[in-house]
Amino acid sequence: MKKLQGAHLSKPIIPDLLMTPSDQGDVDLDVDFAADRGNWTGKLDFLLSCIGYCVGLGNVWRFPYRAYTNGGGAFLVPYFLMLAICGIPLFFLELSLGQFSSLGPLAVWKISPLFKGAGAAMLLIVGLVAIYYNMIIAYVLFYLFASLTSNLPWEHCGNWWNTDLCLEHRGSKDGNGALPLNLTSTVSPSEEYWSRYVLHIQGSRGIGSPGQIRWNLCLCLLLAWVIVFLCILKGVKSSGKVVYFTATFPYLILLMLLVRGVTLPGAWKGIQFYLTPQFHHLLSSKVWIEAALQIFYSLGVGFGGLLTFASYNTFHQNIYRDTFIVTLGNAITSILAGFAIFSVLGYMSQELGVPVDQVAKAGPGLAFVVYPQAMTMLPLSPFWSFLFFFMLLTLGLDSQFAFLETIVTAVTDEFPYYLRPKKAVFSGLICVAMYLMGLVLTTDGGMYWLVLLDDYSASFGLMVVVITTCLAVTRVYGIQRFCRDIHMMLGFKPGLYFRACWLFLSPATLLALLVYSIVKYQPSEYGSYRFPAWAELLGILMGLLSCLMIPAGMLVAVLREEGSLWEALGPESCPVAPPTTRGPWQGRGTIQRPWILASAHVSWGNLKGQGTYPRSHGELGRGQDVNSGR
C-alpha cells in the first residue's frame, strides 16, 4: 500500500474537472488554467479589494437614505440582526466557493450542474445593477466638474434654474436666533440644483415620457464607462494596487466631514434622530426587507463579486479572518457615514424650522442634496467639494469594477480558449453595450428609470438566488463535504454558528422575508410621483426574469443528458465525476488547487491515499460516499 501511495505521489494527477465544458477535447492536461486567469500579487490586494467592493456608494448614498426613511436608529436593529444571520455566513460561503474553485459564478456550478441557472441569474442581476450604478458615478463626475470653480453653483439662488421657493439657508436667522419668516415651504439651492439643473426633471411628465437626452449627463456617463473599462483592462494585478489608495482615502475625507458636521449648530438634533430607535417601524415589513437588501447591496452577497475576487486568491488565503474584517468594517463605515449625513440634516432642520424627517425629500439624491449643501458651509468650499466627490468617485469605481469583472470572469471561464486571449476586447464590448442601455437614464426623466431599476433589479430576485445557492451547497452538495473543503484550505472546519446559519437560519430568514415582501408589496415612488401600473409590472417582470433563470438552467441541464428524466436528474444534480481511469487524486501537482469541492469524489481520507473514486455518475447520484458506503 505504501509503495502504491508513493507511486501516486510521485506522479500527480490533474483531474479533468479542472476544465470547463468548453475546454473538453484534445487538450494538454498539464496546462495550469488557474495561472492563465491571473492572481493577486499580495494578500492585502484581496482584502483591500473586498473592502473597496463592499464599502461603496451604498454606504454614503443608500444606508443613510434607508435609515432616514425607516425610523432612524430603529433601522440599526434589523440591520445588525441580518448581518449576523445572513451577511457574515453568506459572505464566508461565497468566498469559500470562489477560493476553492478558482472559477467564476458560472463555471463554479460544476458542483451541481442542475443549478447553473443560479449563476446566470447572478450575472443578470449584476448587469442590471451595473447599468444604473454607473449612472450614479456619472452624477458624481458631473458634480466633480462643477466643483472646479471659485463659487459652487448650488451655493446661491438667483440662477435660471431656481424658483421663487429657493432660499439660501445661511441667512435664515436674525441676530437673536429667531426665524424671521416661515421656511416650511422653501427649497435649498442645492436641492433645486440637483432636481432642476442636473436632472432637469421638470422636462419630463413621468416615466412614460422621459424627454430629451441631457448631453452633459450623456458625456459624463460615457466618461464613467471609459474609466471603468480602463480599470478592468489590466485585470486584478493592476487593480489590486489601485485599491491601496481608493479603499483608504475615503475614510480620511469621511472623518473630516464628520468632524465638521458635528460642529454645526443643531447637528445633535439629527444625530439624536439617527440614534433614537422608533420601534413601531419594526412592525413594517418594509424595514426588514430594506435591512436585508442593504446587507446584500453593501456586502455584495449574491452578486458574484465576492466569488470572483476570491477565485484569484492563493489556496490557503485566510478568508475566515478577512470575512470578519470586511463585514464589520463595512458596518462601521455605514454608521460613520450616517453620522456625517444626519449631523448635516440636524443643522438643516434647524435652519428650515421643520422636523428632521422632513428636511430632505426621500430619494437617491440625498447625497447630492445634503452633502453639497454641507460643502458650502466649509471654508474653501470648492476644494472640499472636489475632495468629497472624488471620494465618491473612488468608492463607486471600486464596486463598479467588481461588477464588470464578475461578468467578464464568468463568461471567460466558460470559454477560456476563445475569450481569454481577447479579454480586453470582450470587456470593451460589454462596456459599450451597457453604456447604450443606460442612455435612457440620461434623459429628463431618467431618475424615474433609475428608481425603477433600483427597486426591482435586485430585490426579491436576489433573495431567490441567494436561497438557491445556499440550499444547493448545503443540501445537494452536502454541508459535510463543504466543511471538509474549507478544512483543506484553512486547516479547520466551520463551527456550529456557520453550519446553523447555512443549513437553517440564513435560508429560512430569507425565505420569510421573500414571502413577507410579496404579501406586503408596496409600489415604487419618487417623491410625490407614483409610478403607473405598466411601470410596476415591468419592474416585477424584471425581478422575475432572474428567478426564471434558475428553472431554465435546470431544464437545459436535463435536456442535455441522455435517458429518461429521472436518469438525467441524477448526474445533473451532483458534481461532475472524474473518469475512473485516472485513479484517486493524491496531490495538487502543478495545478494551483484541486477542483472545487473535490471531496465530493474523494473524502478527506482519500487525500491521504485511502479509498478510491466513485465508479460513475450513478453512484454520486444515489448519494453514495466513498468511505461511508452511503
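Trainee: Leaving aside its neighbours within four places in sequence, which residues is Val473 in contact with?
Mentor: Beyond those neighbours, Val473 is in contact with Leu93, Leu97, Ile111, Gly478, Ile479 and Phe482, where contact means heavy atoms within 4.5 Å. Bear in mind that this is a predicted model, in which local features need pLDDT of at least 70 and side-chain atom pairs count only at pLDDT 80 or more, while totals for chains, interfaces and linings use all residues. Residues are numbered from 1 along each chain as its sequence is written, and side-chain values use heavy atoms, with hydrogens and water left out.

Trainee: Why is Val473 called buried?
Mentor: The relative accessibility of Val473 is 0%, and buried means under 20% relative accessible area, with exposed over 50% and partly exposed in between (1.4 Å probe, protein chains only); Val473 therefore counts as buried. Val473 is found in helix α20, residues 460–490, helices being DSSP runs of H or I with at least four residues, and strands runs of E with at least two, numbered from the N terminus.

Trainee: Why are α6 and α16 called roughly antiparallel?
Mentor: Two packed helices are described by the angle between their axes and the distance between the axes. The axes of α6 (residues 116–146) and α16 (residues 381–414) come within 9 Å and cross at roughly 155 degrees, the axes being lines fitted to C-alpha atoms over the stretch in contact, with angles from 0 to 180 degrees between N-to-C directions. Angles under 35 degrees count as roughly parallel, over 145 as roughly antiparallel, 65 to 115 as roughly perpendicular and the rest as oblique, and α6 and α16 are therefore roughly antiparallel to each other. The residues of the contact of α6 with α16 divide into 21 nonpolar, 6 polar and 2 charged, where Ala, Val, Leu, Ile, Met, Phe, Trp, Tyr, Cys and Pro count as nonpolar, Asp, Glu, Lys and Arg as charged, and the others, Gly among them, as polar.

Trainee: How do you know whether α6 is roughly parallel or roughly perpendicular to α7?
Mentor: The helices α6 and α7 (residues 189–198) pack at an angle of about 115 degrees, with their axes 13 Å apart, and that makes α6 roughly perpendicular to α7. Their contact is made by Tyr139, Phe142, Tyr143 and Ala146 of α6 together with Tyr193, Trp194, Tyr197 and Val198 of α7. By class, this contact of α6 with α7 has 8 nonpolar, no polar and no charged residues.

Trainee: What is the phi of Ser102, and where does Ser102 lie?
Mentor: Phi of Ser102 is near 55 degrees, a positive value in a residue other than glycine. Most residues other than glycine have a negative phi. Ser102 lies in the loop between α5 (76–101) and α6, and Ser102 is buried because its relative accessible area is 3%. Another positive phi belongs to His200, near 50 degrees, and His200 lies in the loop between α7 and α8 (215–233).
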